[in-house]
Amino acid sequence: MQPRPNHGFQPVFCTIVPPHLLDKLSQADDPVLAAPARRTLEADGARRHHRQLTALAFAPHPPRTADPVPTKPHRTLYDCRHGTDLPGHKVRDEGDEPTQDASVNRAYAGLGATFELLLAEYGRSSIDGKGLPLIGSVHYDEKYNNAFFDGEQMVFGDGDGEVFLDFTLAIDVIAHELTHGLTQYTANLAYQGQSGALNESVSDVFGSLVKQYSLGQSAEQADWLIGADILAPRVSGDALRSMKAPGTAYDDDVLGKDPQPASMDDYVETQEDNGGVHINSGIPNRAFHLLATALGGNAWERAGRIWFDVLTGGELAQNADFASFARLTVAAARSRFGEGDEAEAVLKAWSEVGVATR
């Protein structure tokens, strides 16, 4: 019997660069490459442990039912000045003019683009549906090779300049991390195994959709790459992940080869990275790409709507596996669009990646 959903809040610490990639980088012979990676792993480990300790005490913001649901974002940006105290020094509030700091301005714009897609296309005000203020901190730590959502806010490192660049350079990275907040306030998918891979995949999906929406790209025009703008020129690769062709995003002497599988035939069983949440997410990622390109047009309109309906519909269990998620997408397609092209395309997409829908 499928477990019933349990939507109690369990905030997790989610990073865009997976631990397995940083671990590989930390073993590089060149200390210029290895040292920042080791420091990032240590910092992430400390933050992850802190999140586990405080998760039970976490309470969502109280509902603001008496007030109208905001239709404009409320963004506040902070500068950590290369320290680790969050949120840092306030540098830009909602409506303020752009600053002289490009990182601040990019983060402000990325948070706004995510808010805009959620509201304009899905009728949702911010990640909690009630206009939750969006907080971002830039210039976190020294040569910090990551960006993360910690359950309360977004944080961006500047990268080491050798392998990773400023993490605010990629709007899909900003939207990816903020989508972890959307998931936290909706299905709250457990960050382990297949449910954790779905958690990561949903963030990749909406990260890519925000990028496509902001650029006015159709499914056919999009590159379907995640983090294409944060890899330094010396890296042999295109991005952190490819939704179109998982396993092909990079093949680098230092980083190794992209380990993502493209179908269940190559599913990776591992104890690392919470059971491979950043690795096996390639399977549902490719399913979404197949669906979006089969339907054509703007991916956020039909394919994105189906995924959004599942995420917010209340039927998705916290510990859902790929098959249960897939079945819900079929049901969502039929509920919204009837027995037409959409439902057929969903069935075919999951079949192509080896996930059963019956």
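In this predicted model, residue N274 has its place in helix α6, which runs over residues 273-276. Most residues other than glycine have a negative phi, and most peptide bonds are trans. With a relative accessible area of 28%, N274 counts as partly exposed, because that label covers values between 20% and 50%.

A positive phi also occurs at H82, where the angle is about 65 degrees although this residue is not a glycine either. H82 sits in the loop between β2 and β3, and its relative accessibility of 36% makes it partly exposed. The loop between β2 (75-79) and β3 (89-93) also holds P87, and the peptide bond leading from L86 to P87 is cis, with omega near 10 degrees.

Buried residues make up 56% of the 358 residues, and of the contacts between residues at least 6 apart in sequence, 65% join residues at least 24 apart.

One stretch carries a record of its own: the unreviewed UniProt entry annotates residues 187-355 as "domain: Peptidase M4 C-terminal". Over residues 187-355 the chain is 47% helix and 5% strand, while the end C-alpha atoms are 20 Å apart.

Methods:
Residues are numbered from 1 along each chain as its sequence is written. This is a predicted model: local features need pLDDT of at least 70, side-chain atom pairs count only at pLDDT 80 or more; totals for chains, interfaces and linings use all residues. Side-chain values use heavy atoms; hydrogens and water are left out. UniProt positions are given in the numbering used here, feature names are shortened, and annotations may be inferred rather than shown by experiment. Helices (H or I, at least four residues) and strands (E, at least two) are DSSP runs, numbered from the N terminus. Buried means under 20% relative accessible area, exposed over 50%, partly exposed in between (1.4 Å probe, protein chains only). Contact means heavy atoms within 4.5 Å.
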